[in-house]
Amino acid sequence: MEKNVIYLDNNATTRMADEVMDAMLPYFTSFYGNPSSIHSFGGQVHKKIEDARESLAALLNCYSDELAFTSCGTESDNAVIAGSLKMNSFRKKIITTQVEHPAIMGPCKKLQSMGYFVEYCPVDHMGRLRLDILSDIIDDTTALVSTMWANNETGTIFPVHEIAEIAHRHGALFHTDAVQAVGKIPIDLKESNIDFLSLSGHKFHAPKGIGALYIKRHTKFNPFMLGGHQEKGLRAGTENVPGIIAIGKAAELAAEHIKNSLNNMAELRDELEQKLIKVCPDARVNGDKERRVPNTTNISFEYIEGESILMMLNAHGIAASSGSACTTGSLEPSHVLRAMNVPYTAAHGSIRFSLSRYTSKEEINKVIDVTPSIVKRLREISPYGK
Ligand code: PLP
């Protein structure tokens, strides 16, 4: 395992916190009972699951009975999209956005192929949702509006409460994919009108393979996973106990760190962004700089390939990303940047740096140090001749 990597790909996944590892380990070896068992060996585990649910509920300020544990953000997203049309058979339409993660795009495309109607609301050049267009396309046949809370590529935050209000005015439910928002911005679901929310543990220092779905009290929900009675029938399947303990601990830590670490991250992110923009010619920030999660910047270095920049950063022990992790390997410019009408030459040269509370000033300084010479070198050999 590389110890000295400067890891700036935290929107793809995060390192597990040591405290999270310590909390979950005994649930592999000592407390391995099935929480559904009648005996107390299993029963004690059930109690710990409920404690973890309370911790996650505290981070989101919701009731713990509004949360069902799932295997990941993708599962939570799929469960809502698949279930929403079954809940109201008269409504045949879903509205989502052009910049969603494949975890939403995939199930939406599937529904389209089954004859349902899906509208993809556009964004403007800063990645802001066109609420005027949303208001035009929504109607009384809309079952669900699903928009992300924060974009995984640019960090741009959507006004989810306003969107939920528009959805409700037309009798539609509102879901938000908050995978990139939880742990990065304060969330208060008791004060919100959001019906469903998806989250994923590995984006905030829990391990991969654990997620959750928030379902507001009294909201109708048609479960996707059927089988046993786990999670009060909302999500069948024997619980991933170590993962649940882990996400509970990660939520506690996130709540503890939310103020200080967010300010620190934003400061480091801004410094990185400002210095690179200043020193590298033809560099620009993609996204809404005012309404953004504090850990993300997406910078286009025009006339060069993002993949080449990534490889050269990698040679310096720096891990970043071009576009979302799920589309890495594809030479198509990111669908998010295309939806924002970022010019082709800039979209191709876009790099996402995503920080975590573990990112240090020294690490950021090193990136500020090496990136301009990488950009200069690549420009010299660029076929665009810049
Ligand atoms: N939604 C968004 C916005 C994401 O960024 C991701 C992962 O990158 C997902 C959903 C999928 O989450 P998971 O990896 O837990 O399935």
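Reader: Which atom in the side chain of Q180 is 2.8 Å from the ligand, and which atom of the ligand does it face?

Author: First, the basis of the values: this is a predicted model, in which local features need pLDDT of at least 70, side-chain atom pairs count only at pLDDT 80 or more, and totals for chains, interfaces and linings use all residues. Residues are numbered from 1 along each chain as its sequence is written, and side-chain values use heavy atoms, with hydrogens and water left out. A polar contact is a pair of N or O atoms within 3.5 Å; within protein, one must be able to donate a hydrogen and the other to accept it, and residues adjacent in sequence count only if both atoms are side-chain atoms. Here, an N or O atom in the side chain of Q180 is 2.8 Å from an oxygen atom of the ligand. The protein covers 90% of the 390 Å² of accessible area that the ligand has on its own, where accessible areas come from the Shrake-Rupley method with a 1.4 Å probe and, for residues, only the protein chains shown count as cover.

Reader: What other atoms of the protein lie 2.6 Å or 2.8 Å from the ligand?

Author: A polar side-chain atom of D177 lies 2.6 Å from a ligand nitrogen. From G73, a backbone N or O atom lies 2.8 Å from a ligand oxygen.

Reader: How is the side chain of S198 placed, and what does it contact?

Author: Burial is read from relative accessible area: buried means under 20%, exposed over 50%, and partly exposed in between (1.4 Å probe, protein chains only). S198, in strand β7, has a relative accessible area of 0% and is therefore buried. Its side chain makes a polar contact of 2.7 Å with the side chain of D77, and another with the side chain of H175, at 2.7 Å.

Reader: Is T14 buried or exposed, and which backbone atoms does its side chain reach?

Author: T14 belongs to the loop between β1 (6–7) and α1 (18–24). With 6% relative accessibility, T14 counts as buried. A polar atom of the T14 side chain lies 2.7 Å from the backbone oxygen of H202, and the side chain of T14 also reaches the backbone nitrogen of H205 at 2.8 Å.

Reader: How many aromatic pairs does the structure hold?

Author: Rings of Phe, Tyr and Trp (its six-membered ring) pair if their centres lie within 6.5 Å; planes under 30 degrees apart count as stacked, over 60 as edge-to-face and the rest as tilted. The structure holds three such pairs. One of them joins Y32 and F41, edge-to-face, at 5.1 Å centre to centre with 75 degrees between the planes. Y32 is exposed at 55% relative accessible area, whereas F41 is partly exposed at 32%.

Reader: Why is the pair of F196 and F221 called tilted, and which parts does it tie together?

Author: The ring centres of F196 and F221 are 6.0 Å apart and the planes stand at 55 degrees, so the pair is tilted. F196 lies in strand β7 (residues 196–200) and F221 in the loop between β8 (211–215) and α8 (241–279), so the pair ties together parts 25 residues apart in sequence. F196 is buried at 0% relative accessibility, and F221 is buried at 15%.

Reader: Which charged ends sit over the ring of Y63?

Author: A charge sits over a ring if NZ of Lys or CZ of Arg is within 6 Å of the ring centre and within 35 degrees of the ring normal. The charged end of K190 is 4.4 Å from the centre of the Y63 ring, and that of R217 is 3.7 Å from the centre.

Terms used
Helix = DSSP H or I, 4+ residues; strand = E, 2+ residues; numbered from the N terminus.
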